[in-house]
Amino acid sequence: MPQRRCIGCRQSDEQSSLMRLVRRDGVVIEATTPRLDGRGAYLHPACARIVLERKAIPRAFRGAEPSAELGHVLQAMSE
């Protein structure tokens, strides 16, 4: 299985256990299924709180902010 690094905890894990994020039209969206093309970053669903606190998404995507839908999903997962 391919290994990817989580942008939250910075630990490597199997790609299948991570959520994939992609930058599209200036915003970041969840793109695990279907797998969309583009610059991607990965995170463990359990690391949502860390990602939000560290503002890891704008850093990984050079300033692009998460879409409103993704922001709500990450907020719900972090609680």
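Biologist: Is Arg 49 buried, partly exposed or exposed here?
Modeller: Partly exposed, because its relative accessibility is 44%. Keep in mind that this is a predicted model.

Biologist: And what does the side chain of Arg 49 meet?
Modeller: Glu 53, in a salt bridge with 3.1 Å from N to O. Glu 53 itself is exposed, as its relative accessible area is 54%.

Biologist: In which sense do E3 and E4 pair?
Modeller: Antiparallel, over four bridges, with E3 covering residues 19-24 and E4 covering 27-30. Arg 24, for one, has Val 27 in E4 as its bridge partner.

Biologist: What about the core, which residues have the most contacts inside it?
Modeller: In the largest nonpolar core, which has 19 residues, those are Ile 7, Leu 21, Val 28, Leu 43, Ile 57 and Phe 61.

Biologist: Which elements give two or more residues to it?
Modeller: E3, E5, H1, helix H2 (56-60) and helix H3 (68-78).

Biologist: Pick Leu 21. What is it in contact with, leaving aside neighbours within four places in sequence?
Modeller: Quite a list, including Ile 7, Val 28, Leu 43, Ile 57, Phe 61 and Leu 70. Arg 39 and Glu 30 are also among the contacts of Leu 21.

Definitions and conventions. Residues are numbered from 1 along each chain as its sequence is written. This is a predicted model: local features need pLDDT of at least 70, side-chain atom pairs count only at pLDDT 80 or more; totals for chains, interfaces and linings use all residues. Side-chain values use heavy atoms; hydrogens and water are left out. Two strands pair if DSSP finds at least two bridges between them. A salt bridge is a side-chain nitrogen of Lys or Arg within 4 Å of a carboxyl oxygen of Asp or Glu. Buried means under 20% relative accessible area, exposed over 50%, partly exposed in between (1.4 Å probe, protein chains only). A nonpolar core is a set of buried Ala, Val, Leu, Ile, Met, Phe, Trp, Tyr and Cys residues joined through side-chain atoms within 4.5 Å. Contact means heavy atoms within 4.5 Å.
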